[in-house]
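Have the sequence and the 3D view open side by side as you read.

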Amino acid sequence: MNVFTGGQRNQPWVWQVTGLCFILGLLLAAALQTVRSISRSGYGSVRVGVPPPGNIARLDTVRQKDKEIADLQKRNTDLENTIGNGTRGQKILNDELQRVKILAGLTAVKGPGIVLTLQDSKKRPASPRSFEVNNGIIHDVDLRQVLDELGQSGSEAISINNQRIVGRTYLRCVGPTILVNSIPLVPPYVILAIGDPDTLWGGLNLPYGVLDQMRRYDPLMFKIERKKDIQIPAYTGSTEVRFAEPAKDDSNKKETK
């Protein structure tokens with residue numbers, strides 16, 4: 001009798017350990033293959049908060065299209081101003097049209113205001129607990145709070161990384177990016193706001209506000225500056241209206257009946 005095989009017959013755990021080792025080997029081989037695939041694709045060196053290399057080319061295309069749209073909008077405004085140089089009635093209508101376009105975000109504007117730069121903290125959390133890690137990352141909810149505080153402080157025009165904020169703008173976290181007007185943005189987030197610089201600065205620095213919370217965790221997460229003259233680009237997203245239409249005022253008809 002073989003002493004080795006005889007001992008194994010009485011020890012069933014040997015086969016269990018052998019099976020586990022075999023399964024572990026398969027898992028390690030699969031993991032190694034995955035790491036090699038990631039390395040070959042070039043995504044392994046991408047830092048959190050930075051889009052993959054393929055997105056950079058798409059962002060460049062988006063920026064080029066935005067510039068073309070902005071040039072067309074400027075040309076359209078020049079044509080409207082040419083028409084407005086006619087009769088007094090045409091000039092009044094054109095002045096009102098340009099004011100409405102400013103409110104709608106369809107024209108570039110300039111004026112005094114503030115520049116707020118937000119970026120993820122480089123501070124290492126004391127522990128790997130999720131809530132401490134999230135405190136050092138700029139989320140879409142942080143940008144929304146900033147927009148709310150700027151709006152309450154009387155801002156007349158706002159942009160985030162050259163994306164004009166309008167009524168149709170939405171903000172949403174998608175992976176390491178934040179979508180603004182369907183454009184993926186990454187930190188640092190540079191927010192421009194036109195209005196009274198002192199009022200805007202005071203509104204953002206209210207106790208227990210969004211900047212106060214960042215300041216308690218890491219003061220280097222934001223930088224705010226008052227500016228005498230800043231320029232905010234026009235909104236270049238879709239302006240198509242498919243369902244909404246002007247509501248008719250039937251109050252006069254009801255009074256005559």
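Which residue of β7 does Val-115 stand opposite? Val-115 faces Leu-192 in that strand.

Before going further, a word on how to read the model. This is a predicted model, in which local features need pLDDT of at least 70 and side-chain atom pairs count only at pLDDT 80 or more, while totals for chains, interfaces and linings use all residues. Residues are numbered from 1 along each chain as its sequence is written, and side-chain values use heavy atoms, with hydrogens and water left out.

Strand β7 covers residues 189–194, and five of its six residues are buried (under 20% relative accessible area; exposed is over 50%, partly exposed in between, with a 1.4 Å probe and protein chains only). Helices (H or I, at least four residues) and strands (E, at least two) are DSSP runs, numbered from the N terminus. Two strands pair if DSSP finds at least two bridges between them. Strand β1 (residues 109–118) runs antiparallel to β7, joined by six bridges. Strand β2 (residues 157–160) also pairs with β7 in the antiparallel sense, over four bridges, and here Ala-157 stands opposite Ile-194.

**Confidence**

The predictor's confidence in each residue is given as pLDDT, from 0 to 100. Its mean over the protein is 77, and 59% of the residues reach 70 or more. Confidence is highest in β7, at a mean of 98, and lowest in helix α1 (residues 3–9), at 49. Over residues 41–51 pLDDT stays under 50, and the model has 15 contacts (heavy atoms within 4.5 Å) beyond four places in sequence for them. Where pLDDT is low, the predicted coordinates should not be read in detail.

**Salt bridges**

The structure holds five salt bridges (a side-chain nitrogen of Lys or Arg within 4 Å of a carboxyl oxygen of Asp or Glu).

Glu-225 is partly exposed at 27% relative accessible area, and Lys-227 is partly exposed at 33%. Salt bridges with shared partners link Asp-212, Arg-215 and Arg-216 into one network. Asp-212 and Arg-216 lie four residues apart in helix α8 (residues 210–217), about one turn of the helix. Asp-212 is buried at 12%, whereas Arg-216 is exposed at 59%.

Asp-140 and Arg-144 are separated by about one helical turn because they are four residues apart in helix α6 (residues 140–152). Asp-140 is buried at 14%, and Arg-144 is partly exposed at 35%.
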